[in-house]
Amino acid sequence: MKEYCAATRTHGGRSTPDLSDMAEVEDTLKRIQAQHGVIGTIVVNGEGIPIRTTLDNSTSVQYAGLLHQLTMKARSAVRDIDPQNELTFLRIRSKKHEIMVAPDKEYLLIAIQNPSE
Amino acid sequence: MSNLSEKTVVLRRARLNAATSSLMRFSFKECCFKPVADEPDIEIEGSLVHKDSEEGQILCAEKEVGRKSKTLFSCITTATQTTINPPREVACQTESQPLLVNYSATANQWEIYDFYQEELQKRTSSTKKDEKENEIAEGAEGVHGNLSLLRDFTDKSDHDLAMLSTAAKLLEYAVNENINGDIIADFKHFEDEADEFRGDKGTLLPLWEFQYNKVKSLPVSALCWNKKYNDLFAVGLGSHKFTELECGMLLFYTWRNNNHPEFLFNTDSGVMCVDIHEQKSHLVAVGLFNGNVCVYNLMAKGDQPIYNSMASSGKHSGTVWQVKWWEDDLYGNHTFFSVSADGRVVSWTLGKYELFSTNIIKLPPMDKVPDDLNNVIVTAGLTLDFHKQKPYHFLVGTEAGKIHKGSTHYTRFIKTYEAHFRMVSCVRWNPFNPKVFITCGMDWRVNIWDETTDSPVFTFDLKSSVMDVAWAPYSSTVFAAVTADGKVHVFDLSINRFEALCQQRVVSTKRHLTCIEFNPVHPIIIVGNDRGLVISLKLSPNLRKNPKEEKGKEPSTGAEVEIAKMEKLLILMR
């Protein structure tokens with residue numbers, strides 16, 4: 001499905017994003033937030049600064065900064081092993097919750113969820 | 001006599017008069033020879049005197065006499081002095097160092113790779129540009145360069161969020177995976193071990209449930225798996241009862257996200273049938289309750305179909321009950337067939353801008369209809385299926401309970417089978433054996449036919465109207481049927497020829513089940529009910545068994561084996 005995420009959904013590369021895409025992303029983020037067990041979602045820009053978040057400011061900044069560095073490191077590791085490879089997703093499972101990071105070219109989407117027991 | 005204490009200073013000059021007058025020196029300043037007049041020569045006083053000169057003669061005379069010369073000098077001082085150059089200082093100084101800037105970078109394998117890729121792209125794009133006129137290319141580049149900068153500045157805020165759609169989707173899948181973790185584990189790994197103790201019987205394990213909140217009242221009318229992406233399936237929602245809502249929806253779900261459909265299309269009339277093209281799995285043909293057929297392109301944006309038969313002249317006047325994609329025609333245009341309540345089988349071709357329809361065949365009238373009303377009262381065709389190996393052969397099931405076998409080469413039906421007493425709800429060819437097909441009808445029966453005989457080879461009575469039946473893609477003898485009382489019946493003819501291996505109620509008693517489909521790859525079926533709910537179920541191992549081979553032989557799989565299995569059964573029943 002990653003492929004048809006690539007073929008149909010990732011749509012190759014659209015030149016100009018339009019409002020319907022933005023609405024789609026907003027919708028998706030709202031749905032993710034409404035899912036069972038999701039504690040918060042953060043959208044981080046290319047410099048590690050959270051631009052949209054459902055958590056409080058200090059927590060967001062902390063998560064954003066730390067996960068940004070970690071994602072850079074992870075991406076570097078993946079590409080070092082095989083430069084044709086790419087980091088698509090990063091999940092960190094801890095005792096209390098799971099942190100999921102979806103990196104984009106310049107952005108990061110972070111979701112923190114309490115996985116179902 | 002001179003006084004010896006007297007000092008006489010005699011100056012002798014050596015002078016070459018003749019020479020000095022003609023002494024020329026090259027002047028670098030004027031680039032020519034110039035007479036040197038005033039140059040001071042070296043003058044050295046000498047003590048030699050020419051013997052013919054006055055003084056010389058006097059000296060010779062004195063010498064002869066032998067007297068001491070008056071001109072005896074006691075000491076001679078000669079001195080010369082050269083010109084002294086003034087001292088000059090010559091020093092060298094380099095330019096001062098430029099400002100030191102700290103530069104650091106990493107040289108990873110991927111950075112090197114990326115750089116090479118960029119270079120490659122630049123070179124290929126520059127060769128392409130060379131083909132164009134240079135001026136235009138440069139001008140355009142300049143404009144684009146500026147524009148892109150401008151865009152960077154202004155669009156930082158909102159629009160870049162739109163490019164996050166992939167990342168957002170992945171995140172949603174991951175979140176759902178966490179929530180449905182146990183379902184996914186069941187799907188992947190759970191094999192019911194109790195099957196060993198159940199004899200031949202099997203069970204169905206419910207997995208995901210798909211319900212879109214806004215369509216609680218529309219029944220599921222069609223299901224179709226996507227052959228290319230095995231987790232994606234289409235759900236058509238629409239009602240064929242006049243009393244209910246006159247609208248429909250086409251949804252696409254993947255089990256990675258059972259909360260929200262991947263694609264959603266609203267139609268102005270109930271969706272009665274859906275088919276996804278086998279190779280071009282972004283093309284979806286839909287038949288509607290009001291007689292229209294549409295083709296959607298999943299890769300195109302927007303809610304509208306790319307083709308709609310509303311404007312075509314050959315469109316159906318009754319509900320379209322089944323659409324099926326066919327092979328491309330001679331020119332490579334995609335074609336699909338539709339069968340409808342107006343008694344016609346029509347083939348539609350996707351032209352450049354619109355659909356072209358061709359009447360293939362008209363269904364023969366029912367027996368009860370008097371001859372003069374043949375053209376008025378039509379026989380509704382309810383279901384259509386193409387032969388797997390011979391794509392020009394097809395079967396049509398009608399509301400009169402008959403199955404007609406037709407071919408696209410002929411205008412009349414080749415054969416007719418009296419299949420059911422009431423409406424035929426589904427007809428399907430066996431995926432392996434080319435002679436076998438299955439039908440089910442509202443008369444509670446499921447019949448399996450050999451196309452050469454006139455009566456069914458197998459008949460099963462399921463105690464309730466059978467709404468849909470499907471062959472399993474992994475075995476030629478396994479099929480499943482859904483009935484109006486909410487049960488799913490799974491049969492395996494090679495194991496038990498008379499009864500079902502599994503008869504399980506999947507939904508509550510008040511609800512009907514309307515459709516069933518097997519996943520092409522995984523041992524999963526999806527069933528739809530009349531309230532818009534789609535449930536996926538996993539087949540337990542007993543339902544997927546291959547019959548026991550003789551001891552010592554390896555279990556064999558493959559199409560030939562499947563065909564042979566079915567053949568054995570047919571021979572048995574004759």
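The following legends describe close-up views of a predicted model. Local features are given only where pLDDT is at least 70, side-chain atom pairs count only at pLDDT 80 or more, and totals for chains, interfaces and linings use all residues. Residues are numbered from 1 along each chain as its sequence is written, chains are lettered from A and ligands numbered from 1 in the order in which they are written, and side-chain values use heavy atoms, with hydrogens and water left out.

**View 1. Strand 6 of chain B is largely enclosed by the rest of the structure.** Strands (E, at least two residues) and helices (H or I, at least four residues) are DSSP runs, numbered from the N terminus.

**View 2. Strand 6 of chain B pairs with strand 5 and strand 7 of chain B.** Two strands pair if DSSP finds at least two bridges between them. Strand 5 (residues 232–237) and strand 6 of chain B are antiparallel and share 6 bridges. Within this pairing, B:Leu237 has B:Met249 as its bridge partner. Strand 7 (residues 263–267) of chain B also runs antiparallel to strand 6 of chain B, joined by 5 bridges. There, B:Thr267 is the bridge partner of B:Gly248.

**View 3. Four strands of chain B form an open sheet.** The order of the strands is 12-13-14-15, and the pairing is antiparallel. Strand 12 (320–325) and strand 15 (355–362) of chain B are the edge strands, each pairing on one side only. On average, neighbouring strands of this sheet are turned by 25 degrees against each other, direction ignored. For such angles, axes are lines fitted to C-alpha atoms (for helices, over the stretch in contact), and angles run from 0 to 180 degrees between N-to-C directions. Strand 13 (residues 335–340) and strand 14 (residues 344–350) of chain B are connected by 5 bridges; B:Val339 has B:Val345 as its bridge partner.

**View 4. A salt bridge joins B:Glu191 and B:Arg544.** A salt bridge is a side-chain nitrogen of Lys or Arg within 4 Å of a carboxyl oxygen of Asp or Glu. The N to O distance in this pair is 2.4 Å. B:Glu191 lies in the loop between helix 6 (181–189) and strand 3 (204–211) of chain B, and B:Arg544 in the loop between strand 30 (533–539) and helix 7 (559–573) of chain B, so the pair ties together parts that are 353 residues apart in sequence. B:Glu191 is partly exposed at 33% relative accessible area, and B:Arg544 is partly exposed at 24%.

**View 5. A salt bridge links B:Asp231 with B:Arg256.** The closest N and O atoms are 2.9 Å apart. B:Asp231 lies in the loop between strand 4 (220–225) and strand 5 of chain B, and B:Arg256 in the loop between strand 6 and strand 7 of chain B, so this pair connects parts 25 residues apart in sequence. B:Asp231 is buried, with a relative accessible area of 4%, whereas B:Arg256 is partly exposed at 28%.

Technical notes: Buried < 20%, exposed > 50% of the residue type's maximum accessible area, 1.4 Å probe, protein only.
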